[in-house]
Amino acid sequence: MEEVVIVGAGIAGLATAVALKKVGVQALVLERSEGLRATGAALSLFPNAWRALDALGVSEKLTSLYPPFSKGYVTDVKTKAIQEVRFDASKGSGGEQRTVHRKILLEALAEELPPNTIRFSSKLTSIDTLVEQGSSICILALEDGTIIKSKVVIGCDGVHSRIARWLGLSEPVDSGRSAIRGIAVYPQGHGLNHEVQQFVDVSKRGGFIPLNDKEVYWFLACKAPPKGADMGGDPNLLVREVADNLAKDFSPLYLDIVGHSDFSTLTWAPFMFRYPWDVVLGNLTRANITVAGDAMHPMTPDLGQGGCLALEDAVVLGRHIGSSVSQGGELETRDVGFALERYVRERRWRAAMLIAASYLSGWVQQDGSSWWMKFLRDVVFYKFLLGKAVSATRYDCGKLC
């Protein structure tokens, strides 16, 4: 019998395991892959994520490696107009934004866990529940024939979550857009300023962000799937499609960065999201089973909040589940269901609002060149709505106890 089983060793899964460890609850993490997955290469973490990482006790490992950004620029590819965006980069200001290697973040979280917490190559085949002595018990079956009983199951198994399907949540839908991402490597140094650069054009948006002195994270989001997408994301075809077609009108610097890509980091993926009303009205917990991260609230990456919300989920889950630990140090099965309901109430509306805001952000910035779309983007969104969306990234999910 396990106290808690977490399905998925991504950001949400590992962060939740760390949070539970800190409140005195032992968790087993089941990961279907043979090792930690770093799909996406890098991600930006906003103030809300750093507050969550502070609560988890791992922020110092990352802030020493990745300096914050003080400003960024958004360039209209057609008009060449440039808008400057300022960040408050001072430590503890509540405005810090840093971009980190996804693998380094996962490793920093995994290092906080006891040995054998993560069981790799563990593919879930079925999930069931039964009642023992008046309490709900979860039964998980793995592909290798292993049967695991647990007091709590937390699905952190991504966009196509098996746990979310078991709860009856709707399948995520395709937004009609997708992204190519990669890391460019300059062995002798790239010499770039530590600034965020974005380029906006009709139906596409790209950008680059220095990670350190030698590596630059870049991305390109577009409406139509790029050539090479139907060939498993062939890196040669993806880079050629970006340079020769999708981003041919972007700055020469952007194209140079794409040309320096480490092919092993290149990925292509469609933007999937769950309708906000499905998060508000759907069953996010049942029979001591719940979801977190992309399993709960898959969203488009236009506000960079997917990973940030996953870290928030972990802290909130840890805080509520920790309240169900008895004086003897065991999880009270009868109380934990109420703890999961409190977690869901705290997260449901925030997740739904950010799903909607992210989708709106992407639609406004990429979906047309008509005069009214330009007005919406340049006057309404950038001058008024973007500030409100950014304020949501300063949210404080609180401490673990």
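In this predicted model, N288 is buried, because its relative accessible area is 8%, and buried means under 20%. N288 is placed in the loop between β16 and β17. Its backbone has a positive phi of about 65°, although N288 is not a glycine.

A287 is also placed in the loop between β16 (285-286) and β17 (289-291). A287 is not a glycine, yet it has a positive phi, of about 55°. Most residues other than glycine have a negative phi. At 29% relative accessibility, A287 counts as partly exposed.

| Residue | Relative accessibility | Class |
|---|---|---|
| N288 | 8% | buried |
| A287 | 29% | partly exposed |
| L281 | 70% | exposed |
| I355 | 2% | buried |

L281 lies in helix α8, which covers residues 276-281. L281 is exposed because its relative accessibility is 70%, and the class of exposed residues begins over 50%. On the surface, L281 forms a nonpolar patch with Y275 and W277. Together, these residues have about 370 Å² of accessible area.

I355 belongs to helix α10, residues 333-366. With a relative accessibility of 2%, I355 counts as buried. Leaving aside residues up to four places away in sequence, I355 touches F273, R274, P276, V279, H297, P298 and M299. I355 and G306 are 49 residues apart in sequence, and their C-alpha atoms are 9.0 Å apart in space.

Key: Residues are numbered from 1 along each chain as its sequence is written. This is a predicted model: local features need pLDDT of at least 70, side-chain atom pairs count only at pLDDT 80 or more; totals for chains, interfaces and linings use all residues. Side-chain values use heavy atoms; hydrogens and water are left out. Patches are made of residues with over 30% relative accessible area and no salt bridge: like charges are joined within 9 Å, nonpolar side chains (Val, Leu, Ile, Met, Phe, Trp, Tyr) within 5 Å. Accessible areas come from the Shrake-Rupley method with a 1.4 Å probe; for residues, only the protein chains shown count as cover. A salt bridge is a side-chain nitrogen of Lys or Arg within 4 Å of a carboxyl oxygen of Asp or Glu. Helices (H or I, at least four residues) and strands (E, at least two) are DSSP runs, numbered from the N terminus. Buried means under 20% relative accessible area, exposed over 50%, partly exposed in between (1.4 Å probe, protein chains only). Contact means heavy atoms within 4.5 Å.
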